[in-house]
Amino acid sequence: MENKVPQQINDIVGDNVKKLAQVFPSAVKDGEVDFEALKEELGQFQEVGSEKYELTWAGKKNAKKIAQEDVFGRTLKFIPEDSKNADTTENLYIEGDNLEVLKLLRQNYYGAVKMIYIDPPYNTGKDFVYNDSFEMSGEESDLAEGNTDLLGERFTVNSKSGNRYHANWLNMMYPRLLIAKDLLTDDGVIFISIDENEIMNVKHLCNEIFGETNMLGIIANVNNPKGRSDDKYIATAHEYILVYAKSESMICWYGFEPTDEKIVKRYNKIDDEGKKYREIDLRKTGENDLREDRPNLFYYFYYNEKTGDYYPSRDGKAPDGYIQIKPQREDGREGNWRWGLDTAKDNLPSLIPKFMPTRKVWGIMEKDYLEGRSLVKPTSAWTFKDVNSERGSEEFVSLGFDKRVFPKPKPIGTLYHCFDLVLGKRSNAVVLDFFSGSATLTNALMKYNQEKECNNSFILIQVAEKCGGDSEPYKAGFENICEIGKERIRRAGDNIMSKHPDADIDIGFKVFRTADTNIRWNSLMDLGQIDVNRLEFTPDLVDFMPDAKDVDIVYELMLRQKDVPLSSRIEQAFGGGGGTRVLTFMRIATWFVLRQKSQVN
């Protein structure tokens with residue numbers, strides 16, 4: 001049985017061809033796309049002229065090409081000294097350019113991420129965008145992109161005065177979202193926070209990548225109820241959250257628990273058992289509320305005021321001593337009920353005949369109980385107090401940080417409400433944020449896991465943006481933004497456990513950092529592939545980079561496998577040191593063979 005580890009991490013084009021073959025088998029022959037056959041499958045529609053409705057910009061084709069290019073000679077290096085509970089945690093914190101990291105993770109985490117939340121640069125004219133020309137030197141990149149490299153890093157300031165202001169931002173976002181879609185599970189959902197600067201462009205971008213039919217909605221997240229004082233005409237009080245599913249037909253969508261103050265106060269009545277309820281009219285309102293619209297939903301209730309007896313019937317004649325009650329609209333016309341006759345008979349104890357003095361008619365009210373109430377469908381306007389941007393700073397400071405260390409971190413509540421909609425009370429879901437900033441997502445997820453008694457894991461990705469020597473973060477001891485994020489995770493986890501010592505949640509995380517490969521792939525046989533079954537007998541086939549460590553080699557090989565998460569525990573069965581290199585690869589070979597057998601069985 002062959003078991004080879006390729007130098008190439010991803011085969012994106014090949015994967016896309018396989019997807020096409022699943023939908024249109026006749027259009028793929030011997031692994032090649034027959035474009036004429038594909039046109040036939042699509043009804044041979046021909047574009048009129050060269051114009052069509054689409055979002056395009058300078059550099060779009062190259063951005064798509066970048067998304068399909070693999071990453072060669074790079075890997076993720078485990079940083080044990082920065083990690084916490086590394087032997088038991090399922091969580092990952094990865095330092096590096098997020099496009100490079102997403103490509104490195106794509107094979108290993110393909111279709112494994114339940115939810116993605118990102119808060120990318122809003123393109124305000126002062127934000128950074130990434131330079132995705134990984135193979136270019138700084139000077140070559142400047143010449144190709146027309147940008148000035150900042151301190152030799154892979155990101156530049158995207159000024160509004162630039163001719164390609166919006167294009168630069170789109171070129172950054174497009175390949176990242178393309179790869180992010182591959183990481184989502186079939187029932188996965190992505191949330192994107194954005195403001196008015198790029199709301200229209202990111203919507204068009206997501207319509208193209210995820211499909212317009214998979215847009216679940218756009219939320220106006222009211223994070224500044226008083227409005228921005230520096231706005232010239234209208235004080236902006238909100239930003240947006242775009243919500244897209246990988247496949248709308250596959251998602252399992254939850255809602256909010258009915259704990260909101262505005263909802264709970266409506267339940268202003270208490271029954272004999274002390275349960276809260278509200279009264280809602282059984283008469284149907286809105287469309288199709290006339291008797292002739294739904295004749296089967298028109299019938300009468302008969303109520304005896306003296307005895308309290310009442311029952312539904314289609315008989316139009318009231319018995320002696322009974323009041324006839326029918327569904328009657330405000331304009332006097334006959335309407336219909338929300339329930340059918342049989343349902344009304346089966347649920348009589350939850351109905352109340354009631355005289356409505358304002359309209360001077362009798363009606364039937366339903367007892368709607370708070371306990372057992374179905375989850376609340378989210379509205380497109382979030383006015384929750386915990387999404388206010390001020391809460392984000394307060395939460396950050398409560399962990400012992402100076403608020404100047406990281407201005408305006410996202411509030412925990414914003415992420416928490418997103419989890420409510422996608423995770424419910426499930427466990428074992430993976431949540432990803434590849435613009436992780438101060439690591440608010442982790443703070444929110446640990447809180448969510450503790451309160452919901454579930455256990456979901458995170459992957460955070462953040463480029464190590466340097467803190468200037470005269471900046472407040474640097475003065476506080478943080479050399480780059482990743483140091484802030486990792487420290488917040490440590491403090492947030494410890495804070496939760498100090499308050500809830502019995503909580504069964506994962507507050508650890510493994511740290512990885514992008515690095516050069518540990519293996520001289522060009523020296524390997526079979527066009528750059530390691531045949532792990534032969535390593536035990538011919539270990540000299542493998543040539544390593546100087547000072548490469550066994551554990552780093554193992555992780556690099558894991559990146560090239562499907563469904564072998566980097567959170568997997570690695571045990572060293574024999575002694576350590578360079579002298580055990582052959583034994584290490586014997587163990588790797590055995591491990592891969594055993595794993596493949598377990599998958600077959």
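Is asparagine 428 buried or exposed? At 69% relative accessibility, asparagine 428 counts as exposed, where exposed means over 50% relative accessible area, buried under 20% and partly exposed in between, with a 1.4 Å probe and protein chains only.

The model is predicted, so that local features need pLDDT of at least 70 and side-chain atom pairs count only at pLDDT 80 or more, while totals for chains, interfaces and linings use all residues. Residues are numbered from 1 along each chain as its sequence is written, and side-chain values use heavy atoms, with hydrogens and water left out.

Asparagine 428 lies in the loop between α11 and β20, and lysine 408 in the loop between α10 (389–398) and α11 (412–422); helices (H or I, at least four residues) and strands (E, at least two) are DSSP runs numbered from the N terminus. Neither residue is a glycine, and the table sets out their values.

| Residue | Phi | Relative accessibility |
|---|---|---|
| Lysine 408 | about 50 degrees | 73% |
| Asparagine 428 | about 70 degrees | 69% |

**Strand β14 and its partners**

In a regular strand the side chains alternate between the two faces of the sheet. From β14 (residues 300–303), Tyr300 and Tyr302 point one way and Phe301 and Tyr303 the other way, and all are buried. This strand runs antiparallel to β15, joined by 4 bridges, with tyrosine 302 opposite tyrosine 311; the two strands form a hairpin with 6 residues between them, and glycine 308 in the turn has a positive phi of about 80 degrees. Strand β14 also runs antiparallel to β16 (residues 323–325), joined by 3 bridges, and here tyrosine 303 stands opposite isoleucine 323.

Serine 313 belongs to β15 (residues 310–313) and is buried, with a relative accessible area of 16%. Leaving aside neighbours within four places in sequence, serine 313 is in contact with Tyr299, Tyr300, Tyr302 and Leu341. A polar atom of the serine 313 side chain lies 3.0 Å from the backbone nitrogen of aspartate 315.

**Cavities**

A search of the whole structure finds 2 cavities of 30 Å³ or more, a cavity being a set of points, on a 1 Å grid over the protein atoms alone, where a 1.4 Å probe fits but cannot get out. The largest cavity holds about 60 Å³ of space, a volume being the space filled by probe spheres set on the points, which are joined across faces, edges and corners. Its lining, made of residues with an atom within 4 Å of a point, includes Asp281, Trp337, Met356 and Trp362. Strand β18 (residues 361–369) gives the most to the lining of the largest cavity, with 4 residues.

Key: A polar contact is a pair of N or O atoms within 3.5 Å; within protein, one must be able to donate a hydrogen and the other to accept it, and residues adjacent in sequence count only if both atoms are side-chain atoms. Contact means heavy atoms within 4.5 Å. Two strands pair if DSSP finds at least two bridges between them. On a 1 Å grid over the protein atoms alone, a cavity is a set of points where a 1.4 Å probe fits but cannot get out, and a pocket is an open set with protein on both sides within 12 Å along at least five of seven lines; lining residues have an atom within 4 Å of a point.
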